[in-house]
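Trainee: I'd like to learn how to read a structure like this one. Could you walk me through it, one feature at a time?

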Amino acid sequence: MMGTLCLCLDLALLLQMKFLRAKLGRPPKWLLMWVSVTSMRHSSIKMKRRSARPSERRWRMLWSTFLRPEFVQPALEKSLTKLGLDYVDLFIIHWPVAMKSGDEILPKDASGKIIFDTVDLRDTWEALEKCKDAGLTKSIGVSNFNHKQLEMILNKPGLKYKPVCNQVECHPYLNQSKLLEFCKSKDIVLVAYSALGSHRDPNWVEKDSPYLLEDPILNAVAKKHKRSPGQIALRYQVQRGVVVLAKSFNEKRIKENFQIFEFELTPEDMKAIDGLNRNFRYAKLLSAVDHPYYPFSEEY
Ligand SMILES: NC(=O)c1ccc[n+]([C@@H]2O[C@H](COP(=O)([O-])OP(=O)(O)OC[C@H]3O[C@@H](n4cnc5c(N)ncnc54)[C@H](OP(=O)(O)O)[C@@H]3O)[C@@H](O)[C@H]2O)c1
């Protein structure tokens, strides 16, 4: 089980590292950074240290309750202490919508509604810049930002460091071609999550959402290459210059997901998969739709 967990993390991270090392010449410590800043459970590192209670594990990311600038560095320091590290390679803002700060991961009012906060993301960004200057992280980036929010950071007076990446939902049904083009033009790496059509967590994903990996065109391309639809969905991203995350707890699929560097999709395959785009988002996070920084109302 431990090995499987480790591999499951390594896969997503390896795909990123492979691409990023090629692009940026960065060392494999990207493995460590992602663990700290996304919702991954950072099991591979934890294993070498001590086991953490599930409630503790959730604190190991820049969660939305820590977007106020005064909480950013303490949050990272807390993660580092728990990870037993001096620094991470990347620290990202997980989601632009702030929630009320405090001990609750999902602060809710008496009626069960999430309590949001309004924090100027430029102030949060400055706090991330300070973390980099303090040597606590090598690079800083964002997640779930639309192009206007990226521009807001890029145009911030006195910007010291720009985001190195933007991690967003991206798969053939939501191929993010405009956001990808925008990110490439600004030299920001687009990182794809839910690249296999998500793990369909009922907390975030509607039951009747389409099953990406059952798509007939994806399956036809898979059959042609004697590969699985999952491999095609991952390979598609790599070929368009996207760093792709893939999560699995299944040993066979983990191995399979590593084998996407053994084949190549033709331009016709890529075009056919491009044609599947329908701007369908699995995780809409509609509870935040009225927040001024809700990112998904913009076209891209
Ligand atoms: N920044 C963000 O806001 C954000 C949001 C969501 C996710 N993420 C990150 O993105 C990562 C992955 O996203 P995700 O979990 O939403 O979804 P995903 O990677 O699209 O899908 C995971 C699901 O696909 C299955 N799977 C894996 N490989 C497969 C294959 N070759 N063929 C068929 N099925 C396969 C897995 O099941 P088995 O385990 O049974 O193989 C799992 O149920 C997560 O680790 C998370 O850290 C980030």
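Mentor: Let's start with Asp 187, which is partly exposed, with a relative accessible area of 47%. Buried means under 20% relative accessible area, exposed over 50%, and partly exposed in between, with a 1.4 Å probe and protein chains only. Before we go on: this is a predicted model, where local features need pLDDT of at least 70 and side-chain atom pairs count only at pLDDT 80 or more, while totals for chains, interfaces and linings use all residues. Residues are numbered from 1 along each chain as its sequence is written, and side-chain values use heavy atoms, with hydrogens and water left out.

Trainee: Where does Asp 187 lie?

Mentor: Asp 187 lies in the loop between α8 (177-185) and β4 (189-193). Helices (H or I, at least four residues) and strands (E, at least two) are DSSP runs, numbered from the N terminus. The phi of Asp 187 is near 60 degrees, a positive value in a residue other than glycine. Lys 226 is another such case, with phi near 55 degrees. Lys 226 sits in the loop between α9 (216-225) and α10, and is exposed at 75% relative accessible area.

Trainee: Is Lys 156 buried or exposed?

Mentor: Lys 156 is buried, with a relative accessible area of 7%. You'll find Lys 156 in the loop between α7 (147-154) and β3 (165-169). Leaving out residues up to four places away in sequence, Lys 156 touches Arg 122, Trp 125, Glu 126 and Glu 129. Contact here means heavy atoms within 4.5 Å.

Trainee: How do I read the sides of a helix?

Mentor: In α5 (residues 69-83), the buried ones are Val 72, Ala 75, Leu 76, Ser 79, Leu 80, Lys 82 and Leu 83. They fall within an arc of 165 degrees seen down the axis of α5, so they line one face of the helix. Just after α5, Gly 84 takes a positive phi of about 70 degrees.

Trainee: Which residues of α9 are buried?

Mentor: In α9, Leu 218, Val 221, Ala 222 and His 225 are buried. Down the axis of α9 these residues fall within an arc of 100 degrees, so they line one face of the helix. The face turned away from that buried side carries the exposed Pro 216 and Lys 223. The buried residues of α9 pack against α10 and α12.

Trainee: And how do I describe two packed helices?

Mentor: Two packed helices are described by the angle between their axes and the distance between the axes. Axes are lines fitted to C-alpha atoms, for helices over the stretch in contact, with angles from 0 to 180 degrees between N-to-C directions. Here, α10 (residues 229-239) and α12 (residues 267-274) have axes that come within 11 Å and cross at roughly 105 degrees. The two are therefore roughly perpendicular to each other, a label for angles of 65 to 115 degrees; under 35 counts as roughly parallel, over 145 as roughly antiparallel and the rest as oblique.

Trainee: Which residues meet there?

Mentor: Ile 232, Tyr 236 and Gln 239 in α10 meet Met 270, Ile 273 and Asp 274 in α12.

Trainee: What about the chain overall?

Mentor: The chain has 12 helices and 5 strands, and of its 300 residues 53% count as buried.

Technical notes:
The expected span of a helix is 1.5 Å times one less than its number of residues. The arc is that of the directions from the helix axis to the C-beta atoms.
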